[in-house]
Structure formats: C-alpha cells, structure tokens
Amino acid sequence: MTSFKNLFCALWKPKLRTMNRILLLWALAIVVTWVVTGWSQGYRGLDYSGLLGGWTGIGSLVGLVGLAAHNERVVRNDSFRLIPVSATKLYLTNLLATFVAYLYLCTVETVAFGLSLVITHPGIWRQAFQMNLSPDEPWLAMGLAVVLVLVLLLLGSWIMITLIHLVVNALSAFVPGVRQRVIKVLLAIVVVWGLVYLSGWLLNLQTYLTRSFSGDGTLWISLALMALAEALAVAVNIYLLKHWTEARY
C-alpha cells in the first residue's frame with residue numbers, strides 16, 4: 001500500500017503547480033492594472049489595498065474552480081485510481097491536499113494584501129495593536145465560528161461538486177449509450193435540483209432543532225449539523241467511488 005506521505009505528495013504537486021500559475025497570472029494582472037491606473041491617474045496616492053483586493057477575490061475564485069477540476073480528474077483518471085490505495089484514503093487525502101493547496105494560495109494573497117494595507121494606510125496596524133481585546137469577550141468565539149463556517153463552505157463546495165459528478169456517472173450507467181452527453185446534462189440538472197431540495201429540507205430541520213436555543217448555542221448547533229451533512233456526503237462519495245466509478249484509461 002502507498003504511504004500517506006507519498007500519496008499526499010503525488011496529489012499535492014499538480015495542485016501546487018496550478019496554484020503557482022494562478023499566483024503568477026494574479027501578480028501580472030496587478031502589475032498591469034497598477035501601471036495603467038498610475039499612468040492615467042498618477043502613482044501618488046494610489047490605493048494599493050483596493051487594487052489588490054479586487055484581484056485577490058478573482059484569484060481566489062479561479063483557484064477554487066481550478067482545484068475542483070483537479071479533484072474530478074483524480075476520481076476519474078487511471079493514473080491516480082490505479083495507485084495501490086483504498087478509495088477512502090485516496091478521496092480523503094485528495095480532499096486534504098486540495099484544502100492545503102487553497103490555503104497556500106489564500107496565505108500568499110492575504111500577506112500581499114496586508115502589505116498593501118501597510119503601504120496605503122500606515123497607521124492601521126498601530127490602531128489594531130492598541131485595541132484591548134480580552135480572551136473572555138465574544139469576539140474570539142465569533143472569529144472561530146467564522147473561520148469554521150468558511151472552512152465548511154469551502155470543503156462543502158468541493159464535496160458537492162464531486163457528489164454531483166459521481167451520482168451522474170452512476171446513474172448514466174443505466175441508460176443507453178446513445179446521446180450519452182445529453183442524458184448526463186439532464187441527469188446533472190435533476191441531481192442539482194434534488195440537492196437543492198434536500199438543502200432546503202436540512203435548513204428547515206436546523207430551524208426546528210435550534211428554535212429552543214439562543215445566541216451561541218444556535219450557532220454551534222448549526223455548525224455541527226453542517227459538518228454532519230458534509231460527513232454524510234463524503235461517505236456517499238467514497239461509496240460511489242469504490243463501487244460505481246471506473247477509471248478512464
């Protein structure tokens with residue numbers, strides 16, 4: 001069996017190359033925008049933080065989509081599927097490698113954006129360090145909750161894309177080979193509609209379960225239900241990957 005380290009490196013390196021390409025294009029876009037804006041409006045007083053902020057959002061979105069494409073290649077490509085490793089280990093390690101790659105992208109963008117804030121607004125960090133924040137205050141719990149929500153939303157987007165992909169492929173095995181592509185599109189629409197309907201039902205269930213709680217209790221229960229729903233989706237993905245998905249040769 002392939003070790004976790006070797007498997008992670010095999011899955012991480014293609015994603016890292018993609019993230020570096022995105023960062024290179026992101027940097028080039030920022031430089032071109034800086035030159036054009038500075039030439040037309042003057043470089044003095046240029047808002048570097050606003051310039052980086054706009055391109056950072058675009059770069060993050062492109063990275064999210066690019067990593068989703070990488071995920072789908074892993075579950076279908078024979079070069080990954082034929083690695084001597086279980087479907088569970090392959091799927092979970094690939095999801096972890098995807099998250100780490102996106103974290104790398106966001107870290108570079110965040111550091112660059114922080115430096116632009118220092119250049120554009122020199123006093124902002126002095127004001128931040130002068131704030132008296134107590135560990136007992138609710139900001140710490142709220143900050144942690146926001147981070148957890150972002151992580152769950154991020155992982156959930158990749159999990160749902162893979163779920164749609166695998167369910168459509170599994171269902172298409174029962175239909176004739178004629179006009180397979182058209183049928184897959186129709187199946188994808190039906191599956192997405194079903195997931196949207198299920199999401200609405202889960203939201204109603206969440207409202208029912210949290211109506212007797214208030215404040216932080218409602219927030220943490222909602223996060224727990226969200227994590228549980230994603231864990232169930234992961235279990236379905238692993239089952240479909242193991243029993244209903246063939247590698248492409």
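In which hand does H1 pass H4? The crossing is right-handed. This is a predicted model, in which local features need pLDDT of at least 70, side-chain atom pairs count only at pLDDT 80 or more, and totals for chains, interfaces and linings use all residues. Residues are numbered from 1 along each chain as its sequence is written, and side-chain values use heavy atoms, without hydrogens and water.

**View 1. Helix H1 (residues 4-41) against helix H4 (residues 87-120).** Their axes come within 9 Å and cross at roughly 30°. The contact of H1 with H4 comprises 19 nonpolar, 4 polar and 3 charged residues. Helices are DSSP runs (H or I, at least four residues) numbered from the N terminus; axes are lines fitted to C-alpha atoms over the stretch in contact, with angles from 0 to 180 degrees between N-to-C directions. Right-handed means that the near helix is turned clockwise from the far one by less than a right angle.

**View 2. Arg17 in helix H1.** Arg17 has a relative accessible area of 46% and is therefore partly exposed (between buried, under 20%, and exposed, over 50%; 1.4 Å probe, protein chains only). Arg17 and Ala101 lie 84 residues apart in sequence, with 9.4 Å from C-alpha to C-alpha.

**View 3. The largest pocket, with about 740 Å³ of space.** Of its 25 lining residues, Met160, Ser199, Leu202, Ala229 and Glu230 lie nearest the centre. Helix H6 (138-172), helix H7 (180-210) and helix H8 (216-243) each give two or more residues to the lining. By class, the lining has 19 nonpolar, 5 polar and 1 charged residues. A pocket is an open set of points on a 1 Å grid over the protein atoms alone, where a 1.4 Å probe fits, with protein on both sides within 12 Å along at least five of seven lines; lining residues have an atom within 4 Å of a point.

Conventions: Nonpolar A, V, L, I, M, F, W, Y, C, P; charged D, E, K, R; others polar. Points joined across faces, edges and corners; volume = space filled by probe spheres on them.
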